[in-house]
Amino acid sequence: MSKIHYKNLEEIEKIRESDLLVSKTLAEVAKIIGEGVKTIQLNILAEEFIRDHGGVPAFLNYNGFPYSLCISLNDQVVHGFPGEYEIKDGDIVSVDCGVVLNNFVGDSAYTFPIGNVDPETLRLLKVTKECLYLAIDKAVVGMRIGDIGYAVQEHAEKNGFGVVRELVGHGVGFKLHEKPEVPNYGRRGSGIKLEEGMVIAIEPMINGGKAGVKFWDDGWTVSTIDKKPSAHYEHSVAVKKGKADVLSTFQYIEEVLKQKD
């Protein structure tokens, strides 16, 4: 079993730089995402922006993944392929982005509502984002992995939503996926103890209906078993004493979205 790779303060700052490039890339996506835009256009824009700022897309060719962004629509949970699909009014579009900058990896994701999204789907997005921040509150020294998972599961399920179990968050920084795994379900006080120097990607994947998912024949795309929508938000977080240090940010994205309203 591979071990957890702890990061020192200097390394955490390097990871933060990568994460801020991810966050700015997602803000560039926010500028153009909308009705009539093909999802492949988002991928092209993101790759150019990442490379123009000295980075490399972390997802491109990762285990054979052929794109720079994962773009998942409506009932797709994660790992969707960008393509010729034209985004429609009422869609939700989850965009997951990873960057390698100066040999350090950043990773974050955001689900965008497009136009007139139905109220129950908007509630799903709101609750999923709340799950993320409730989980981040637990990413402090002395807590356990199960405390993070419990925070997500408890909030999602009390709101009537399903928590995906087949896919989990993960350590991040030196590589895109490191130990430990960070499930979105669990028991309080269970699992490995969180320690200073851990950097983890916390990423609730919450379904509007049942928790079950199906894996597509393309080897990547995952969708809900009941065709209900799914939301996905992700931050990279350094475990600290007292309060977690969130290395990525939604601030740039949400400033763009506010200007577009």
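Residues are numbered from 1 along each chain as its sequence is written, and side-chain values use heavy atoms, with hydrogens and water left out. Because the model is predicted, local features need pLDDT of at least 70 and side-chain atom pairs count only at pLDDT 80 or more, while totals for chains, interfaces and linings use all residues. Helices (H or I, at least four residues) and strands (E, at least two) are DSSP runs, numbered from the N terminus.

H1 (residues 9–32) packs against helix H5 (residues 251–260) at an angle of about 15°, and their axes are 8 Å apart. Here axes are lines fitted to C-alpha atoms, for helices over the stretch in contact, and angles run from 0 to 180 degrees between N-to-C directions. H1 and H5 are therefore roughly parallel to each other; angles under 35 degrees count as roughly parallel, over 145 as roughly antiparallel, 65 to 115 as roughly perpendicular and the rest as oblique. The crossing of H1 with H5 is right-handed. A crossing is called right-handed if the near helix is turned clockwise from the far one by less than a right angle, and left-handed if anticlockwise. On the H1 side, the residues in contact (heavy atoms within 4.5 Å) are Leu20, Ser23, Lys24, Leu26, Ala27, Ala30, Lys31 and Ile32, and they meet Tyr252, Ile253, Val256, Leu257 and Lys260 in H5. By class, the contact of H1 with H5 holds nine nonpolar, one polar and three charged residues. In this scheme Ala, Val, Leu, Ile, Met, Phe, Trp, Tyr, Cys and Pro count as nonpolar, Asp, Glu, Lys and Arg as charged, and the others, Gly among them, as polar.

H1 also packs with helix H2 (residues 39–52): the two axes come within 9 Å and cross at roughly 140°. That angle makes H1 oblique to H2, and the crossing is right-handed. Leu21, Lys24, Thr25, Glu28, Val29 and Ile32 of H1 meet Gln41, Leu42, Leu45, Ala46, Phe49 and Ile50 of H2. The contact of H1 with H2 divides into eight nonpolar, two polar and two charged residues.

Helix H4 comes next. H4 (residues 145–158) has 14 residues and spans 20 Å from its first C-alpha to its last, close to the 20 Å expected at 1.5 Å a residue; the expected span is 1.5 Å times one less than the number of residues. H4 is mostly covered, with 10 of its 14 residues buried. Buried means under 20% relative accessible area, exposed over 50%, and partly exposed in between (1.4 Å probe, protein chains only). The buried residues are Ile145, Gly146, Asp147, Ile148, Gly149, Ala151, Val152, Gln153, His155 and Ala156. Their cover includes helix H3 (119–136) and the strands E6 (162–163), E8 (178–182), E9 (199–202) and E10 (205–207). Glu154, also in H4, counts as partly exposed at 36% relative accessibility. Ser190, in the loop between E8 and E9, counts as buried at 16% relative accessibility. Leaving aside neighbours within four places in sequence, Ser190 is in contact with Arg144, Ile145 and Gly146. Val141 is found in the loop between H3 and H4 and, at 33% relative accessibility, counts as partly exposed. Not counting residues up to four places away in sequence, Val141 touches Leu194, Glu195, Glu196, Val239, Lys240 and Lys241. Val141 and Lys193 are 52 residues apart in sequence and 7.7 Å apart in space, C-alpha to C-alpha.

The backbone has a few details of its own. Most residues other than glycine have a negative phi, and most peptide bonds are trans. Asn102 has a positive phi of about 50° and Asn103 a positive phi near 70°. Asn102 is found in the loop between strand E4 (92–101) and strand E5 (104–113), and Asn103 lies in the loop between E4 and E5 as well. Asn102 counts as partly exposed at 47% relative accessibility, whereas Asn103, at 66%, counts as exposed. Just after H4, Gly160 takes a positive phi of about 85°. A cis peptide bond, with omega about 0°, joins Lys179 and Pro180, and Pro180 is found in strand E8.
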